[in-house]
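Here is a friendly tour of some side chains in this protein. Have a look at the sequence and the structure first, and then we can walk through charges and surface patches together.

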Amino acid sequence: MLAALGVVFGDIGTSPLYAFKESLHSAGHGGDPALGIASLIFWAVLLVVGIKYVLLVMSADNHGEGGTISLLSLALPAAPERWRGTVLMVGLAGASLFFGDAMITPTISVLSAVEGLHVVTPALTPYVVPLACVVLALLFLVQRRGSAAIGRFFGPVMLAWFAVLAIAGLVHALRHPQVFAALSPTYAWDYLIHAPGTGAFLVLGSAFLALTGGEALYADMGHFGRRAIRLDWFLLVLPALVLNYLGQAAVVITDPSAAANPFFGLFPSWLLIPVVLLATASTVIASQAVISGAFTLVQQAIQMGHVPRLEVRQTSKDAAGQVYLPQVNWILAAAVLGLVLGFGSSTALANAYGIAVAGDMLATTLLLSVVALGQWRQPPALVLAVGAPFLLLDLVFVTSNLHKVPDGGWFPLLVGAACLTMSLLWRKGKAVLASRRDEDAQELDAFIGRLSGPDAPPRTRGVAIYLSGQRTTVPTALALNLRHNGVLHERVWLLRVEAERQPRVPEAERLSVEDLGCGVVRATLRFGFAEDPNVPAALRVHGAAFGLDPQAASFFVGRDVPVASMRPDLSAWQEGVFSYLARNAMRSSDYFRVPPNRVVELGSRVEV
């Protein structure tokens, strides 16, 4: 629970720094809207985060793993065949939007904390942006240590943070006990009804900032488990958030000028510097929640074949879900630092923040409904009764955030669109590449039949393991080896590595072997999408039963290089992007942890 507190709740736990302030700015300064806004935030947090995510969405775990890709892996087989393309698009769109959110969250969180220096003294204002850049750079530098180690270090800090949130809010709320009336939904409803013009939508778009981090709870579930996250939420996080928002409302009612920064108005001047330091440490942890979630999401997407292979480092011997992806880390770091320098303040970033999270939450509701209908076999009437209110709530929040698009909301949408385009293009390009590669491939059954005939190639001692996804045709690497060397090993393993739509595969189901005759076997290694696909390690454990010693074998790997075709299935720009992705993807031998001195790589050019 302490480690989960140090990673999972940083994002939503630091939303009091800016959510109430930005909501007041949208409504106009003064104490009149304070109770209505506090009521809006309370019910939004309770319904969307507490009930939807913590209770409902986190029940849709895939053997303990969470996140959009994990939920997609449950929804695809549960959906009717004719709807699977649409379900895939919805899931990948949600995952892409989450990646855009992972760039903005660290930026706005750290900036909002460091901006507390304004309150201490205006003379420190020029140092806000440089200090935020230093803090964020250090955060990305320590990512390689893994979320568990970071969580153990940050857990006590977050415990202190939530204690400060609760105590500071409670002190002011008790001085003005009328703010507890905001826990009634009538205050939220009355405010929305009587808000002038488009004011209600503007305030809803700002109040939505209090929900950012809900999706990260689900994405980080595989790191710490559902039970720890639920206990943290209901015992500590939710009460602390509610008390703090009520306390901010009390401060603004007492002193309308405090609306400029109501969070820091909770504290006396002599406490401001310690609170700024604690807030900065807490916002660093807020960033950790979405960064860890982004690592998990991309790792799962790689295993499921949605994006090119990247380097994935396991950071824990005990928890397979704790990973570090260097390329993703530095892409996020560059984007975050660029956003700090480009926007320069949390208020400016608030105009960009929210639209991507709202879209991701909408995708989650749709996927969860598919799972409830197709896998849980819930009655359609029950799914409609439960899902429709949340779907309506998601649509309201998406609509209320649309006004942010011209003022910066275009950025996460652009990132999401780029990620979605890359993913769809990668899937299409792989399908075209496989189809073109197999056009002239030799049938495997016919090939094995010739191995016992007079024109059989000579055999040499040893074992050759051909890593290939081809099942019914001769692997490209095997065909090239025979063409150039004219010899075949005595024992040949045709090995296919499959990623299952579950996080972990039982060891009893890890390896299956089929004897095809003439010294050739067809084998399949299965890994879950949250596992490290270490092929030599798995063969050492399971290959002995079939007389295989992977340390004495040679691994043959084919590398298909896409080139332009006179009859293209991809347009010129698609072919260029796919070729770039294919060239820069991690080599399969490296991804499957095959020692370099045991690998023979044979390449071929394939027209796309």
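## A salt bridge between two elements

Let's begin with E601, which is partly exposed because its relative accessible area is 34%. Please keep in mind that this is a predicted model. The partner of E601 is R587: they form a salt bridge in which the closest N and O atoms are 2.3 Å apart. This pair links distant parts of the chain, with R587 in the loop between α24 (572–584) and α25 (588–591) and E601 in strand β8 (residues 599–607), 14 residues apart. R587 has 35% relative accessibility, so R587 counts as partly exposed too.

How many salt bridges does the structure hold? The count is 17. Among them is the one between R496 and E498, whose closest N and O atoms are 2.9 Å apart. R496 is partly exposed at 24% relative accessibility, and E498 is partly exposed at 22%. Salt bridges with shared partners join R496 and E498 with E500 and R526 into one network.

Are the side chains of the next pair, E22 and K21, buried or exposed? E22 has a relative accessible area of 6% and is therefore buried, since the cut-off for buried is under 20%. K21 is buried as well, at 5% relative accessibility. Their side chains meet in a salt bridge, with 3.9 Å from N to O.

## Patches on the surface

One surface patch is nonpolar: L131, V134, L138, L141, V142 and W330 form it, and together they have about 530 Å² of accessible area. Which element gives the most to this nonpolar patch? That is helix α8 (residues 128–141), with four residues. V134 is placed in helix α8, and V134 counts as partly exposed because its relative accessibility is 47%.

Another patch is positive, and R309, R427, K430 and R501 form it. R427 belongs to helix α20 (residues 405–437). With 31% relative accessibility, R427 counts as partly exposed.

## A buried serine in a loop

Our last stop is S468, found in the loop between β3 (459–467) and α22 (476–485). S468 has a relative accessible area of 15%, so S468 is buried. A polar atom of the S468 side chain lies 3.0 Å from the backbone nitrogen of Q470.

Key. Residues numbered from 1 in each chain as written. Predicted model: local features only at pLDDT ≥ 70, side-chain atom pairs only at ≥ 80, totals over all residues. Heavy atoms only, no water. Patch = residues over 30% accessible without salt bridge, like charges linked within 9 Å, V, L, I, M, F, W, Y side chains within 5 Å. Areas by Shrake-Rupley, 256 points an atom, 1.4 Å probe, with all protein chains shown as cover. Salt bridge = Lys/Arg side-chain N within 4 Å of Asp/Glu carboxyl O. Helix = DSSP H or I, 4+ residues; strand = E, 2+ residues; numbered from the N terminus. Buried < 20%, exposed > 50% of the residue type's maximum accessible area, 1.4 Å probe, protein only. Lys, Arg positive; Asp, Glu negative; His and termini not counted. Charge placed at Lys NZ, Arg CZ, Asp CG, Glu CD. Polar contact = N/O pair within 3.5 Å; in protein donor to acceptor, adjacent residues only side chain to side chain.
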